Amino acid sequence: MSSIDLKATQSPHILVLGMGGTIAGLAASPNDRPLDYQAGQVEVYSLLAHVKSAIPAGIELVSRQVANINSRNLTESLLGLLGAVVKDALSNVLVKGIVVTHGTDTLEETGIFLQMICGKYAQNLGKRVILTGAMLPSNAPMADGPANLLDAIRWASTPIENCPGGVFAVMDGRACMAMDLAKRHSTALNAPIQSSPSSSVGLINPSWLSGVKAVQALWTEDLPIPKDHEWPWVEILTSHAGARPETIKRWQSSGVKGLVLAGSGIGGFHDAWRDSLLVLAEQGVALVRTSRTGAGLTYPNLPEKDLVGCLASGVLSAPRARIALQLALNAEKQAQTTGKPLTWQDFFARIADLPEIQ
């Protein structure tokens, strides 16, 4: 029989971590459209209790509430806490897999974060960390959370010979690498996974699985988690018609450590920004160029040669590129303390240059 236990157990189990979000939300009037609801109201233990009867036999679950927030309010401190909890759980021989219930608004930031701080570790251990969430609150008539949670539990407990360990996401019957998440629709039930290379949870696509293994083969070293007070300050700026140089000049004496430029088309930014960006680069501010379009790759030196000190983001959206840049800047700082001649560009390129899964 499956069981749900909030207390420590001496039996092999799947650990379910709650972060809040819509999956844990409650609507005052569930039949209204559009729904007016509050995210992060139901504890993860209650979410599991509602699906207990459908949990496959032999799977024991342990739950832990890490946070219970609307994910739009996710902080770097909470990311660091979640990362520490996940890494600690992975090291526990009794934990056979981890499921994280999370809000969809910032699911892509958490996905890339977990990939970069424990993706290789999970892979080496043959364990899966599965992110999931919902687009409808828990008391909505057609709530999608229960099915997503069950799929995530099943995926976390799938035999290793069927799919390698690593950091994945499951929603609406589909699974993808968590680093490929990007919420590109405001209401669709598959919004965070809609445009990601993915596979059916029930029948794994061999082509997708081959792509996963190719990416994992090149991700050779996880990056450290910044301490609470050491997260580098990085912001996202969007290029647009009528962009002004003052937008960039305001950052020249701010103390910001990096900027992600969400450019138009294939990642070009307004010419009015160029001179001011050159000044920032000379000041040592890290620059990453991506596209505001929401899909596709940002290539180096296109549409024109990149500024010195500016990198293209590859497959990373602006929110994911920001997290990757923060971790890369922190890794550079850590490398300097050990005498390693590595720059943030070296660390950022490790994730930006990973192959795209077709």
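## Contacts of Asn 139

In this predicted model, Asn 139 touches Gly 25, Leu 26, Ala 27 and Pro 30, when residues up to four places away in sequence are left out of the count.

## Setting and exposure of Asn 139

Asn 139 lies in the loop that runs between strand E7 (128-132) and helix H4 (145-156). With a relative accessible area of 28%, Asn 139 counts as partly exposed, because that class covers the values between the 20% limit for buried residues and the 50% limit for exposed ones.

## The four-stranded sheet

Elsewhere in the model, four strands make up an open sheet with parallel pairing, and their order is E11-E12-E13-E14. Strand E11 (234-238) and strand E14 (310-312) stand at the edges of this sheet, and each has a single partner strand, so that one side of each is left without a neighbour in the sheet. From one strand to the next, the twist averages 25°.

Within the sheet, strand E12 (residues 258-263) and strand E13 (residues 286-291) run parallel and are joined by six bridges. Among the residues of these strands, Gly 258 has Ala 286 of E13 as its bridge partner.

Notes. Residues are numbered from 1 along each chain as its sequence is written. This is a predicted model: local features need pLDDT of at least 70, side-chain atom pairs count only at pLDDT 80 or more; totals for chains, interfaces and linings use all residues. Side-chain values use heavy atoms; hydrogens and water are left out. Helices (H or I, at least four residues) and strands (E, at least two) are DSSP runs, numbered from the N terminus. Buried means under 20% relative accessible area, exposed over 50%, partly exposed in between (1.4 Å probe, protein chains only). Contact means heavy atoms within 4.5 Å. Two strands pair if DSSP finds at least two bridges between them. Axes are lines fitted to C-alpha atoms, for helices over the stretch in contact, and angles run from 0 to 180 degrees between N-to-C directions.
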